Amino acid sequence: MKYPKPLSDLSHELSLLPGIGPKLALRLAFFISQRGEEKNLSLIEALQNLKNIKKCSQCNALSETDPCEICSDPSRNNEILCVVSDVRDLWKIESTKSYSGRYFVLNSLIVPLEGIDPEKAGMTELFSLIRAKKPKEIVIAFDFSMEGQTTSLYIKERLSSQRDQLGYIPQLTRLAVGLSMGDNLGNTDEFTISQAILHRQKI
């Protein structure tokens, strides 16, 4: 049996979203079709408003304005630049209210096996920003993964090789890794404990 075309079309579009298979897409499409016109108009308006989202020309973050709210804020610390691989990481860091510097959002981490080389990852734009702003410290805020390590090492080596072009070498730091608040040592793996010891801090 064929479903009504509007339902099939919506189901197909939903199935293209990450984590949504054909069955779930069909259930969602059916649910939306039963919500009523008024609620669906709100959904349609929200989707249409996505066209107002753009990338900040300075930090590459998603924003309604260009430059974004953070880049437009004169109270931010220009001497610290935090580099993230996903704008959601930027939002997460901002939610802690513990960081007041600037940001740059890469297009991706470097993943050679997937054809994502340094240029596709956004390194040209990052180093253009570094040359222009000359931050004293660059904070690497990547996932602690093989791709994150590869990308961190690339940035470190490129900074070193471009010392003369930059005219200086900024301090390169990364987020501390190890134990989280409430972690039980007895239930924590050896690697995490070793990282916590290596990155211990004074109290």
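Modeller: The terms are taken up in turn below.

Modeller: This is a predicted model, in which local features need pLDDT of at least 70, side-chain atom pairs count only at pLDDT 80 or more, and totals for chains, interfaces and linings use all residues. Residues are numbered from 1 along each chain as its sequence is written, and side-chain values use heavy atoms, with hydrogens and water left out.

Colleague: Why is the contact between Lys 5 and Asp 9 called a salt bridge?

Modeller: A salt bridge requires a side-chain nitrogen of Lys or Arg within 4 Å of a carboxyl oxygen of Asp or Glu. The N to O distance for Lys 5 and Asp 9 is 2.8 Å, so the pair qualifies.

Colleague: What makes Lys 5 exposed and Asp 9 partly exposed?

Modeller: Exposed means over 50% relative accessible area, buried under 20%, and partly exposed in between (1.4 Å probe, protein chains only). Lys 5 has 59%, whereas Asp 9 has 36%.

Colleague: Which salt bridge joins Arg 76, and to what?

Modeller: Arg 76 meets Glu 94 at 2.8 Å, N to O. The pair links distant parts of the chain, 18 residues apart. Arg 76 counts as buried at 11% relative accessibility, while Glu 94 is partly exposed at 23%.

Note on methods
Helix = DSSP H or I, 4+ residues; strand = E, 2+ residues; numbered from the N terminus.
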